Amino acid sequence: MKMLINVAETVVADALRGMAAAHPELVVDAENRVIVRRDAPVEGKVALVSGGGSGHEPLHGGFVGPGMLDAACPGEVFTSPVPDQVVRAAAAVDSGNGVLFIVKNYTGDVLNFQMAAELAEDEGVQVASVLVNDDVAVTDSTFTAGRRGTGATLFVEKIAGAAADEGMPLERVEALARQVVASSRSFGVALSACTTPAKGSPTFDLPDGELELGVGIHGEPGRERRAMMTSREIADFTVDAILEDLDPRLPVLVLVNGMGSTPLLELYGFNAEVRRVLDERGVAVARTLVGNYVTSLDMAGCSVTLCQVDGELLRLWDAPVQTPGLRWGR
(Lines give C-alpha, C1' and ligand atoms only; values in the text may rest on other atoms or scores of the structure.)
Protein backbone atom coordinates (compact mmCIF):
# COMPACT_ATOMS: atom_id res chain seq x y z
CA MET A 1 0.00 0.00 0.00
CA LYS A 2 1.26 3.49 -0.85
CA MET A 3 1.38 5.93 2.08
CA LEU A 4 2.60 9.50 2.40
CA ILE A 5 5.09 8.68 5.18
CA ASN A 6 8.81 8.32 5.80
CA VAL A 7 8.92 5.17 7.91
CA ALA A 8 6.18 3.53 9.97
CA GLU A 9 8.10 4.02 13.21
CA THR A 10 7.98 7.84 13.01
CA VAL A 11 4.46 8.39 11.65
CA VAL A 12 3.02 9.87 14.85
CA ALA A 13 6.08 11.98 15.68
CA ASP A 14 6.21 13.33 12.13
CA ALA A 15 2.52 14.21 12.23
CA LEU A 16 2.97 16.03 15.53
CA ARG A 17 5.88 18.05 14.12
CA GLY A 18 3.69 19.00 11.19
CA MET A 19 0.84 19.95 13.46
CA ALA A 20 3.16 22.21 15.47
CA ALA A 21 4.30 23.92 12.28
CA ALA A 22 0.71 24.51 11.13
CA HIS A 23 -0.81 25.60 14.45
CA PRO A 24 1.26 28.05 16.51
CA GLU A 25 -1.75 28.50 18.80
CA LEU A 26 -0.95 25.03 20.17
CA VAL A 27 2.02 23.76 22.13
CA VAL A 28 2.82 20.38 20.59
CA ASP A 29 5.31 18.26 22.53
CA ALA A 30 6.25 15.62 19.96
CA GLU A 31 8.65 13.87 22.32
CA ASN A 32 6.22 13.44 25.20
CA ARG A 33 3.15 13.20 22.94
CA VAL A 34 1.04 15.97 24.49
CA ILE A 35 -0.89 18.73 22.66
CA VAL A 36 -1.90 21.76 24.77
CA ARG A 37 -3.60 25.04 23.95
CA ARG A 38 -0.95 27.75 24.20
CA ASP A 39 -2.86 29.90 26.69
CA ALA A 40 -3.26 27.04 29.20
CA PRO A 41 -3.89 26.96 32.06
CA VAL A 42 -6.84 29.32 31.70
CA GLU A 43 -7.61 31.02 35.01
CA GLY A 44 -10.94 30.10 36.58
CA LYS A 45 -11.70 27.40 34.03
CA VAL A 46 -12.21 23.65 34.31
CA ALA A 47 -9.74 21.93 31.97
CA LEU A 48 -10.70 19.16 29.54
CA VAL A 49 -8.24 16.40 28.62
CA SER A 50 -8.83 13.55 26.21
CA GLY A 51 -6.77 11.24 24.06
CA GLY A 52 -6.51 7.88 22.40
CA GLY A 53 -4.68 6.07 19.67
CA SER A 54 -3.57 8.02 16.63
CA GLY A 55 -5.28 7.32 13.32
CA HIS A 56 -8.63 8.92 14.16
CA GLU A 57 -7.72 12.50 13.27
CA PRO A 58 -8.86 15.17 13.80
CA LEU A 59 -9.95 13.40 17.01
CA HIS A 60 -8.47 14.28 19.55
CA GLY A 61 -5.58 16.65 18.89
CA GLY A 62 -7.50 18.55 16.24
CA PHE A 63 -10.08 19.48 18.87
CA VAL A 64 -7.69 21.31 21.20
CA GLY A 65 -8.47 24.98 21.55
CA PRO A 66 -11.02 27.49 22.87
CA GLY A 67 -14.45 25.92 23.14
CA MET A 68 -13.25 22.30 23.26
CA LEU A 69 -10.25 20.52 24.78
CA ASP A 70 -7.40 22.05 26.74
CA ALA A 71 -5.09 19.12 26.00
CA ALA A 72 -4.96 15.86 24.08
CA CYS A 73 -2.69 12.83 24.38
CA PRO A 74 -2.06 10.89 21.15
CA GLY A 75 -0.89 7.31 21.47
CA GLU A 76 0.72 5.26 18.77
CA VAL A 77 -1.59 4.24 15.93
CA PHE A 78 -4.67 2.54 17.43
CA THR A 79 -2.86 2.34 20.80
CA SER A 80 -3.87 4.04 24.03
CA PRO A 81 -1.73 6.85 25.43
CA VAL A 82 0.23 5.88 28.52
CA PRO A 83 -0.65 7.27 31.97
CA ASP A 84 2.42 9.55 32.09
CA GLN A 85 1.19 11.40 29.02
CA VAL A 86 -2.19 12.04 30.57
CA VAL A 87 -0.71 13.14 33.91
CA ARG A 88 1.62 15.55 32.10
CA ALA A 89 -1.32 16.97 30.16
CA ALA A 90 -3.44 17.41 33.28
CA ALA A 91 -0.64 19.22 35.09
CA ALA A 92 -0.13 21.54 32.12
CA VAL A 93 -3.74 22.69 31.92
CA ASP A 94 -5.00 22.57 35.53
CA SER A 95 -5.86 26.06 36.79
CA GLY A 96 -6.94 24.79 40.20
CA ASN A 97 -10.57 24.34 39.13
CA GLY A 98 -10.28 20.66 38.28
CA VAL A 99 -9.77 18.56 35.17
CA LEU A 100 -12.31 16.45 33.28
CA PHE A 101 -11.01 13.35 31.49
CA ILE A 102 -13.08 12.35 28.45
CA VAL A 103 -12.41 8.68 27.74
CA LYS A 104 -13.64 6.49 24.89
CA ASN A 105 -14.67 3.02 26.05
CA TYR A 106 -11.72 0.89 24.98
CA THR A 107 -9.99 -1.24 27.59
CA GLY A 108 -6.55 0.34 27.20
CA ASP A 109 -7.90 3.88 27.32
CA VAL A 110 -10.05 3.12 30.36
CA LEU A 111 -7.23 1.52 32.36
CA ASN A 112 -4.61 4.13 31.48
CA PHE A 113 -6.87 7.12 32.15
CA GLN A 114 -7.93 5.56 35.47
CA MET A 115 -4.31 5.17 36.48
CA ALA A 116 -3.56 8.70 35.32
CA ALA A 117 -6.45 10.07 37.39
CA GLU A 118 -5.05 8.41 40.50
CA LEU A 119 -1.54 9.74 39.82
CA ALA A 120 -2.82 13.26 39.08
CA GLU A 121 -4.88 13.31 42.27
CA ASP A 122 -1.78 12.28 44.21
CA GLU A 123 -0.22 15.46 42.82
CA GLY A 124 -3.16 17.58 43.99
CA VAL A 125 -5.18 17.77 40.78
CA GLN A 126 -8.94 17.27 41.15
CA VAL A 127 -10.05 14.88 38.41
CA ALA A 128 -13.44 13.71 37.17
CA SER A 129 -13.89 11.25 34.30
CA VAL A 130 -16.62 10.59 31.74
CA LEU A 131 -16.78 7.40 29.68
CA VAL A 132 -18.13 7.62 26.12
CA ASN A 133 -19.90 4.42 24.98
CA ASP A 134 -22.30 5.38 22.22
CA ASP A 135 -21.88 2.61 19.60
CA VAL A 136 -25.05 0.49 19.41
CA ALA A 137 -23.66 -1.98 16.88
CA VAL A 138 -22.26 -4.57 19.28
CA THR A 139 -21.45 -5.16 22.93
CA ASP A 140 -18.07 -6.53 24.05
CA SER A 141 -15.93 -6.09 20.96
CA THR A 142 -12.25 -6.72 20.21
CA PHE A 143 -10.86 -3.94 22.44
CA THR A 144 -13.91 -3.25 24.58
CA ALA A 145 -16.01 -4.45 27.48
CA GLY A 146 -19.42 -2.95 26.81
CA ARG A 147 -20.21 -0.55 24.01
CA ARG A 148 -17.50 1.21 22.05
CA GLY A 149 -16.88 4.96 22.16
CA THR A 150 -17.12 6.60 18.75
CA GLY A 151 -18.73 9.69 17.21
CA ALA A 152 -20.42 10.98 20.36
CA THR A 153 -16.93 11.84 21.63
CA LEU A 154 -17.06 14.93 19.43
CA PHE A 155 -20.40 16.00 20.91
CA VAL A 156 -19.08 15.50 24.46
CA GLU A 157 -15.88 17.44 23.83
CA LYS A 158 -17.72 20.32 22.16
CA ILE A 159 -20.58 20.71 24.63
CA ALA A 160 -18.49 20.13 27.76
CA GLY A 161 -15.83 22.44 26.33
CA ALA A 162 -18.36 25.23 25.89
CA ALA A 163 -19.63 24.71 29.44
CA ALA A 164 -16.09 24.92 30.79
CA ASP A 165 -15.46 28.09 28.78
CA GLU A 166 -18.50 29.65 30.46
CA GLY A 167 -16.88 29.07 33.86
CA MET A 168 -19.17 26.27 35.03
CA PRO A 169 -17.76 24.22 37.94
CA LEU A 170 -16.33 20.74 37.45
CA GLU A 171 -19.42 18.98 38.79
CA ARG A 172 -21.67 20.76 36.27
CA VAL A 173 -19.33 20.22 33.32
CA GLU A 174 -19.13 16.52 34.22
CA ALA A 175 -22.93 16.27 34.52
CA LEU A 176 -23.44 17.85 31.11
CA ALA A 177 -20.88 15.51 29.55
CA ARG A 178 -22.70 12.53 31.04
CA GLN A 179 -26.01 13.88 29.73
CA VAL A 180 -24.54 14.02 26.23
CA VAL A 181 -23.30 10.43 26.49
CA ALA A 182 -26.69 9.23 27.72
CA SER A 183 -28.42 11.07 24.87
CA SER A 184 -26.15 9.83 22.04
CA ARG A 185 -26.02 6.70 19.87
CA SER A 186 -23.84 5.79 16.87
CA PHE A 187 -23.53 3.17 14.15
CA GLY A 188 -20.73 2.71 11.60
CA VAL A 189 -20.38 1.06 8.20
CA ALA A 190 -17.19 0.03 6.39
CA LEU A 191 -16.89 -0.19 2.62
CA SER A 192 -13.21 -1.12 2.88
CA ALA A 193 -10.71 -2.03 5.58
CA CYS A 194 -8.16 0.41 6.99
CA THR A 195 -4.40 -0.01 6.65
CA THR A 196 -2.05 0.68 9.55
CA PRO A 197 1.44 1.98 8.70
CA ALA A 198 3.12 -0.83 10.64
CA LYS A 199 1.22 -3.58 8.84
CA GLY A 200 1.15 -1.98 5.42
CA SER A 201 -1.87 -4.01 4.35
CA PRO A 202 -5.58 -4.08 5.25
CA THR A 203 -6.27 -4.89 8.90
CA PHE A 204 -9.15 -7.21 8.01
CA ASP A 205 -10.49 -8.95 4.94
CA LEU A 206 -13.53 -7.36 3.35
CA PRO A 207 -14.15 -8.87 -0.09
CA ASP A 208 -15.05 -6.72 -3.06
CA GLY A 209 -18.78 -6.26 -3.29
CA GLU A 210 -19.37 -6.55 0.48
CA LEU A 211 -19.70 -4.11 3.38
CA GLU A 212 -19.44 -4.42 7.16
CA LEU A 213 -22.45 -3.15 9.10
CA GLY A 214 -21.56 -1.97 12.58
CA VAL A 215 -17.79 -1.75 12.13
CA GLY A 216 -15.65 -0.22 14.88
CA ILE A 217 -13.19 2.63 14.40
CA HIS A 218 -10.25 0.21 14.61
CA GLY A 219 -11.79 -2.19 12.13
CA GLU A 220 -13.44 -4.32 14.82
CA PRO A 221 -16.16 -6.65 13.52
CA GLY A 222 -19.70 -5.34 13.32
CA ARG A 223 -23.10 -7.01 13.36
CA GLU A 224 -23.00 -8.59 9.93
CA ARG A 225 -21.68 -8.49 6.39
CA ARG A 226 -23.88 -8.02 3.39
CA ALA A 227 -23.57 -7.53 -0.32
CA MET A 228 -22.97 -3.90 -1.20
CA MET A 229 -25.99 -1.69 -0.56
CA THR A 230 -27.09 1.69 -1.92
CA SER A 231 -26.72 4.88 0.11
CA ARG A 232 -30.49 4.81 0.66
CA GLU A 233 -30.40 1.24 1.98
CA ILE A 234 -27.42 1.94 4.26
CA ALA A 235 -29.17 5.00 5.71
CA ASP A 236 -32.33 2.98 6.41
CA PHE A 237 -30.33 0.26 8.20
CA THR A 238 -28.07 2.63 10.13
CA VAL A 239 -30.68 5.07 11.39
CA ASP A 240 -33.11 2.29 12.30
CA ALA A 241 -30.36 0.53 14.28
CA ILE A 242 -29.84 3.74 16.27
CA LEU A 243 -33.52 4.43 16.78
CA GLU A 244 -34.06 0.91 18.10
CA ASP A 245 -31.93 2.04 21.04
CA LEU A 246 -32.73 5.77 21.20
CA ASP A 247 -36.25 7.19 21.22
CA PRO A 248 -35.73 10.92 20.77
CA ARG A 249 -38.34 13.11 22.42
CA LEU A 250 -36.31 16.21 21.57
CA PRO A 251 -34.58 17.43 18.39
CA VAL A 252 -31.25 15.78 17.59
CA LEU A 253 -27.79 16.76 16.56
CA VAL A 254 -26.74 14.67 13.56
CA LEU A 255 -23.14 13.76 12.78
CA VAL A 256 -22.56 12.12 9.41
CA ASN A 257 -18.94 11.17 9.80
CA GLY A 258 -16.51 9.92 7.19
CA MET A 259 -14.15 7.09 8.15
CA GLY A 260 -11.21 8.62 6.32
CA SER A 261 -11.36 8.03 2.58
CA THR A 262 -14.99 8.57 1.65
CA PRO A 263 -15.29 11.88 -0.25
CA LEU A 264 -17.57 14.67 0.85
CA LEU A 265 -19.58 14.26 -2.35
CA GLU A 266 -20.67 10.83 -1.10
CA LEU A 267 -21.07 11.93 2.53
CA TYR A 268 -23.43 14.76 1.61
CA GLY A 269 -25.43 12.42 -0.57
CA PHE A 270 -25.62 9.99 2.33
CA ASN A 271 -26.68 12.81 4.65
CA ALA A 272 -29.63 13.48 2.36
CA GLU A 273 -30.72 9.88 2.88
CA VAL A 274 -30.17 10.09 6.65
CA ARG A 275 -32.38 13.19 6.79
CA ARG A 276 -35.03 11.41 4.71
CA VAL A 277 -35.14 8.52 7.21
CA LEU A 278 -35.29 10.85 10.19
CA ASP A 279 -38.12 12.83 8.59
CA GLU A 280 -40.00 9.61 7.89
CA ARG A 281 -39.53 8.50 11.51
CA GLY A 282 -40.70 11.86 12.86
CA VAL A 283 -37.34 12.85 14.37
CA ALA A 284 -36.68 16.60 14.37
CA VAL A 285 -33.15 17.69 13.43
CA ALA A 286 -31.65 20.66 15.26
CA ARG A 287 -28.17 20.76 13.66
CA THR A 288 -26.17 18.63 11.22
CA LEU A 289 -22.41 18.21 10.85
CA VAL A 290 -20.95 16.37 7.84
CA GLY A 291 -17.29 15.51 7.35
CA ASN A 292 -14.31 13.48 8.54
CA TYR A 293 -14.09 13.94 12.31
CA VAL A 294 -13.65 10.51 13.94
CA THR A 295 -11.75 8.56 11.33
CA SER A 296 -10.12 5.17 10.93
CA LEU A 297 -7.01 5.95 8.86
CA ASP A 298 -7.91 5.23 5.21
CA MET A 299 -11.09 3.24 5.76
CA ALA A 300 -13.89 3.92 3.31
CA GLY A 301 -17.25 4.20 5.00
CA CYS A 302 -19.19 6.35 7.39
CA SER A 303 -20.89 6.52 10.73
CA VAL A 304 -24.00 8.26 12.00
CA THR A 305 -24.32 9.72 15.48
CA LEU A 306 -27.53 11.18 16.91
CA CYS A 307 -27.70 13.18 20.14
CA GLN A 308 -31.01 14.48 21.43
CA VAL A 309 -30.58 17.97 22.86
CA ASP A 310 -32.53 20.27 25.11
CA GLY A 311 -32.18 24.05 24.95
CA GLU A 312 -29.05 24.17 27.08
CA LEU A 313 -27.19 21.47 25.17
CA LEU A 314 -28.09 23.13 21.86
CA ARG A 315 -26.90 26.51 23.12
CA LEU A 316 -23.59 24.98 24.19
CA TRP A 317 -23.25 23.21 20.83
CA ASP A 318 -23.74 26.53 19.04
CA ALA A 319 -21.22 28.35 21.26
CA PRO A 320 -18.03 29.59 19.57
CA VAL A 321 -15.20 27.12 19.01
CA GLN A 322 -11.73 27.56 17.56
CA THR A 323 -9.71 24.41 17.01
CA PRO A 324 -7.84 22.98 14.01
CA GLY A 325 -10.63 20.49 13.35
CA LEU A 326 -13.77 22.44 14.29
CA ARG A 327 -14.42 26.16 14.33
CA TRP A 328 -17.29 28.58 14.17
CA GLY A 329 -18.55 31.76 15.83
CA ARG A 330 -15.20 33.44 16.52
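Is A164 buried or exposed in this structure? A164 is buried, with a relative accessible area of 1%, where buried means under 20%, exposed over 50% and partly exposed in between, for a 1.4 Å probe and protein chains only. The model is a predicted one, in which local features need pLDDT of at least 70, side-chain atom pairs count only at pLDDT 80 or more, and totals for chains, interfaces and linings use all residues. Residues are numbered from 1 along each chain as its sequence is written, and side-chain values use heavy atoms, with hydrogens and water left out.

- Domain 1 gives 48 residues to the contact and domain 2 gives 48 residues, with contact meaning heavy atoms within 4.5 Å.

- A164, our opening residue, is found in helix α4; helices are DSSP runs of H or I with at least four residues, strands are runs of E with at least two, and both are numbered from the N terminus.
- Leaving aside neighbours within four places in sequence, A164 is in contact with K45, V46, L48 and V173.
- A164 and G67 are 97 residues apart along the chain, and their C-alpha atoms are separated by 7.9 Å.
- Two packed helices are described by the angle between their axes and the distance between the axes.
- For α4 (residues 152-165) and α8 (residues 311-318), the angle is about 90° and the axes are 8 Å apart. That makes α4 roughly perpendicular to α8.
- Here axes are lines fitted to C-alpha atoms, for helices over the stretch in contact, and angles run from 0 to 180 degrees between N-to-C directions. Angles under 35 degrees count as roughly parallel, over 145 as roughly antiparallel, 65 to 115 as roughly perpendicular and the rest as oblique.
- On the α4 side, L154, F155, K158, I159, A162 and A163 meet L313, L316 and W317 of α8.
- Sorted by class, this contact of α4 with α8 has 8 nonpolar, no polar and 1 charged residues. Ala, Val, Leu, Ile, Met, Phe, Trp, Tyr, Cys and Pro count as nonpolar, Asp, Glu, Lys and Arg as charged, and the others, Gly among them, as polar.

**Helix α2**

- The buried residues of α2 are P83, Q85, V86, V87, A89, A90 and V93.
- These buried residues pack against the strands β2, β3, β4 and β5 (99-104), and also against helix α3 (107-122).

- Q308 lies in strand β12 (residues 301-308) and counts as buried at 17% relative accessibility.
- The side chain of Q308 reaches the backbone nitrogen of L250 at 3.4 Å. A polar contact is a pair of N or O atoms within 3.5 Å; within protein, one must be able to donate a hydrogen and the other to accept it, and residues adjacent in sequence count only if both atoms are side-chain atoms.
- Not counting residues up to four places away in sequence, Q308 touches several residues, including S183, R249, L250 and L313.
- T295 sits in the loop between β11 (285-291) and β12, and T295 is buried with a relative accessible area of 5%.
- A polar atom of the T295 side chain lies 2.7 Å from the backbone oxygen of E57.

- Most residues other than glycine have a negative phi, and most peptide bonds are trans.
- A40 and P41 are joined by a cis peptide bond with omega about -5°; P41 lies in the loop between β2 (34-37) and β3 (47-54).
- The peptide bond from L59 to H60 is cis too, with omega near -5°, and H60 is found in the loop between β3 and β4 (71-77).
- F78 is not a glycine, yet its phi is positive at about 55°; F78 lies in the loop between β4 and α2 (83-93).
- L297 has a positive phi near 55° and lies in the loop between β11 and β12.
- F78 counts as buried at 19% relative accessibility, whereas L297 is partly exposed at 24%.

**C194, a meeting point**

- C194 lies in the loop between β7 (184-190) and β8 (210-213) and counts as buried at 0% relative accessibility.
- Leaving aside neighbours within four places in sequence, the contacts of C194 include F78 and L297.
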